[in-house]
Amino acid sequence: MALFRRRRPDPDLPELDAASADRIRALARQSLQALGISATVDGARVESTLGEFTLEPVARECADQDPRSWPFLVDEVVKRMVRALADGARQLSDATIGRHVVWRLLPDRERMGRSFRRARALSSVVPDGGRTGSGMADEGGAGKTDVVVALAWDGEESLDLLNDAALSQVVDLDAAFAAGRANLTADLAATPAEVAQIADGVVEVSSPSWLTASWALLPAELATRFAPGTTGQILVAAPDHRHLLVGPVDDRARATVTHRLPEVPVLAPTVLPF
């Protein structure tokens, strides 16, 4: 019967057993050391030269994931907490997220085993988004798309996806998504872009922003800047995160856009209203 006995939970990180919790602490120490930050890791607490934070979000995230992915997960969450401390806050929270959060298109293949239950369907952030001629459906519906809208932290030198563990202290998720749209709109307005016409009415947009593909989530602004004269609906697709295809909603444009996409694009041809 001993073979089936459940391992005793760690007293400080009860989501994990003692051995697993010790491994998480060791991985956190490694991440902090790699960042050049002096810190003491004890129980669930981390006391660093930047301030104090807890390993509880790290433990919750790792408890549901394959232990082989733990080094990546721990490093991701620890770096984000350090970034929040450097920004003057103890944790990523409602008070600190507004200045940095943006919308980010998230294909299924980029989730890498991490939990994104707080991500949203395209149709929930763009009214009626993707329901016309795109094969997309509402959350939980048949034919559900494999691309969702996640929140990301837009730093000076990096763009990091915010998974459930990173958002654990954010109470007002609606406000966070509202801030994400505002910041994405600002990115679209401020970023220089190259526009190349590839067919009648179809253009390819390229920019240095890692949010270029996510501009598709702003169909009205996108149409005004790159497809003047388009009314009602716009066809968009993204071969990768730095390129976007924009065109009218017709079969010729769809064929042109589809031909320019790789086998697995960030966003397949999608019709959005505005």
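How many of the five residues of strand 10 are buried? In this predicted model, in which local features need pLDDT of at least 70, side-chain atom pairs count only at pLDDT 80 or more and totals for chains, interfaces and linings use all residues, strand 10 is mostly covered, with four of its five residues buried. Residues are numbered from 1 along each chain as its sequence is written, and side-chain values use heavy atoms, with hydrogens and water left out. Buried here denotes a relative accessible area under 20%, exposed one over 50%, and partly exposed a value in between, for a 1.4 Å probe and protein chains only.

The secondary structure of the protein chain comprises eight helices and 11 strands, assigned as DSSP runs numbered from the N terminus (helices H or I, at least four residues; strands E, at least two). Of its 274 residues, 50% count as buried.

Strand 10 is joined by four bridges to strand 8, and the two run antiparallel; strands count as paired if DSSP finds at least two bridges between them. Within this pairing, leucine 245 of strand 10 is the bridge partner of glutamate 204. Four bridges likewise join strand 9 to strand 10, again in antiparallel orientation, and these two strands form a hairpin with two residues between them. Histidine 243 in strand 10 stands opposite aspartate 240.

Isoleucine 234, which lies in strand 9, is buried, with a relative accessible area of 0%.

Pro219 and Ala223, together with Leu222 and Phe226, are the buried residues of helix 7 (residues 219-226). Viewed down the helix axis, these residues fall within an arc of 95°, so they line one face of helix 7, the arc being that of the directions from the helix axis to the C-beta atoms. They pack against helix 6 (173-190), strand 7 (194-199), strand 8 (202-206), strand 9 (233-240), strand 10 (243-247) and strand 11 (267-273).

Arginine 25, in helix 1 (residues 18-34), counts as buried at 7% relative accessibility. Beyond its neighbours within four places in sequence, arginine 25 is in contact with Asp10, Asp12, Leu13, Val41, Gly43 and Leu55. Aspartate 94, in helix 4 (residues 94-97), counts as partly exposed at 34% relative accessibility. With neighbours within four places again left aside, aspartate 94 is in contact with Gln169, Val170, Val171 and Asp172. Aspartate 94 and alanine 176 are 82 residues apart in sequence, yet their C-alpha atoms are 7.3 Å apart in space.

Key:
Contact = heavy atoms within 4.5 Å.
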